[in-house]
Amino acid sequence: MNWVVNNLDLIADLSVEHIRLAIPPILLGFVISIPIGWLAFRFKLTRGLLLTLAGLLFTIPSLALLVILPPLLGISALSDANLTIALTIYAVAIMARSVADALGSVDPAVRQSATAVGYGSWRLFWAVEFPLAGPVILAGLRVAAVSTISLVTVGILIGTESLGYLFTNGYQRGIVAEIFAGVVMVVVIALVVDYLLVLVGRLLMPWTRKQKTVRPQLEPMPLPTVRGAA
Amino acid sequence: MNLFSEAMAWLFAPERYTGADALQIRIGEHLFYTFVSVLIAAAIAIPLGYFIGHTGKGREIAIGVSGAARAIPSFGLILLLVLLIGVTQKPLAAFVAFVLLGIPSVLAGAYSGLEAIDRRVIDSARAVGMTEWQILWKVEIPLGLPLLIGGLRSATLQIVATVTLAAYIGLGGLGGYIIAGLALRRFDQMLGAALVIVALALVLDGLFALIERFVTPRGVAAGRPSDVRTRSSRARAVAE
């Protein structure tokens, strides 16, 4: 544990860097997955196509994706952009499905009522469907956020410094405490971000507070992916 | 696109298929690590998941564990276990890491498969005099099989990805080409190997998709057309 005490600065710096790398893919994934999820929900044809594609993208191992993206997009393999794009792809792959499922979970009677009182499709989406789909979308966002934070560490293999630095450095120098500190910090950041997302969800969706909607959101990941590329 | 043709040239070069570093050996290693780990994870997680799903005991713990496990960085876990178990026992350490990473998905697949069953079906089984053991084997397990296969599917894919990372500790497998290529700046080799890894993952995913369809009890498949929006209704009518 001496190592940890002597290197608190390094751990703090890498944690900040880690968070800085994790936030753009999470936000981008969220923004991009809304129109994609809507398309998947709205039309039968695009549903099969988009959700199958999302399922397939998600099966690509991270290291392979980090190698394939640069020549495909013409960027440097050793750039932050490479990692950001790869992680955004995973985030979209997770969230597009949950946005589609979330919109599907909105009671059709509510949708019809909104149409009946004169809501156009744009306002129907933002004022009725999107907020009501919120809890399920949030569940997907939480899964995407946690897995993104954990996947940032793989970036160290292509030279992007994050808490993953503690893994390779600790391994090369044979310091167990260093790797352990890295794993613990990644888990702590993931849990804190997860908690913050729940908190934001409660603030933005006050109607979910009293019902115990938090519980189904904790369902583990296989459930959404199970219905994937099948 | 030039790099892609170089990667193809690397892939199809005759020397790729000879010697100790041959592609088929690396694919074999990759599959060996994956399958053995999935089997061990299944041997541990399926009975546990069935116990949780059948009795309803420990459900909260199972959900918590599988949720929290997602936050653990697999790359860090492998390196940590190698140092803890011993640098001389790298394969053992790697297997422990793979199994640990595979368990949550299989566990979730096993218990959610049982949990997703309509309670009335189980009550009916009990009402016609089935013992708990019969209910488990004749009702719950067959009905829960598609979700269990789904759990095995995610576990397999996650382990395939993690075996790739494990090449960093010199475990072999297809990731070895990428790790070596990174040091040597051999981009054709890295890209060629990455494409093989993607192909491997997609083939495994496709196999599991087939198995999933195959194990779905006929009665269940017939009773859920509303859920399957990806197929056209005409094909369904023909099938029936």
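A residue counts as buried here if 20 or more other C-beta atoms lie within 10 Å of its own. By that cut-off, 48% of the 230 residues in chain A are buried. In chain B, buried residues make up 45% of 240. Both values come from a predicted model.

**Confidence**

The model as a whole scores ipTM 0.82 and pTM 0.85. Chain A has a mean pLDDT of 86, with 90% of its residues at 70 or more. One stretch of chain A, residues 213-230, has pLDDT below 50. Beyond near neighbours in sequence, that stretch still has 42 contacts in the model.

For chain B the mean pLDDT is 86, and 91% of its residues reach 70 or more. Within chain B, confidence is highest in helix 2, at a mean of 93. Confidence is lowest in helix 11 (residues 233-239) of chain B, at a mean of 43. Residues 225-240 of chain B have pLDDT below 50. This stretch of chain B has 7 contacts beyond near neighbours in sequence.

**The two chains**

Chain A holds 11 helices and 0 strands. Its elements, from the N terminus on, run α-α-α-α-α-α-α-α-α-α-α. Chain B likewise comes to 11 helices and 0 strands. Along the sequence, chain B follows the pattern α-α-α-α-α-α-α-α-α-α-α.

Sequence separation comes next. Take the contacts in chain A between residues at least 6 apart in sequence: 71% of them join residues at least 24 apart. For chain B, on that basis, 73% of contacts join residues at least 24 apart.

**Where the chains meet**

In the interface, 43 residues of chain A are in contact with 48 residues of chain B. Six elements of chain A give two or more residues to the side that touches chain B: helix 3 (44-59), helix 4 (62-73), helix 7 (121-151), helix 8 (164-173), helix 9 (176-204) and helix 11 (222-226). Helix 9 of chain A gives the most, with 9 residues. By class, this side of chain A has 29 nonpolar, 11 polar and 3 charged residues.

**A helix pair in chain B**

Helix 2 (residues 23-55) and helix 5 (residues 90-115) of chain B have axes that come within 6 Å. Those axes cross at roughly 35 degrees. Helix 2 of chain B passes helix 5 of chain B in a right-handed crossing. The residues of this contact divide into 21 nonpolar, 6 polar and 1 charged.

**B:Leu174**

B:Leu174 lies in the loop between helix 7 (132-166) and helix 8 (175-184) of chain B. B:Leu174 counts as buried because 27 C-beta neighbours lie inside 10 Å. Leaving aside neighbours within four places in sequence, B:Leu174 is in contact with B:Arg26, B:Ile27, B:His30, B:Thr164, B:Ala193, B:Val196 and B:Ile197. B:Glu140 makes another reference point for B:Leu174. The two are 34 residues apart in sequence and 38 Å apart in space, C-alpha to C-alpha.

Note on methods
Residues numbered from 1 in each chain as written. Chains lettered and ligands numbered in written order. Predicted model: local features only at pLDDT ≥ 70, side-chain atom pairs only at ≥ 80, totals over all residues. Contact = placed C-beta atoms within 7 Å. Helix = DSSP H or I, 4+ residues; strand = E, 2+ residues; numbered from the N terminus. Nonpolar A, V, L, I, M, F, W, Y, C, P; charged D, E, K, R; others polar. Axes fitted to C-alpha atoms, helices over the stretch in contact; angles between N-to-C directions. Left-handed = near helix turned anticlockwise from the far one by under 90°. Buried ≥ 20, exposed ≤ 12 C-beta atoms within 10 Å, placed from the backbone. pLDDT = per-residue confidence, 0-100.
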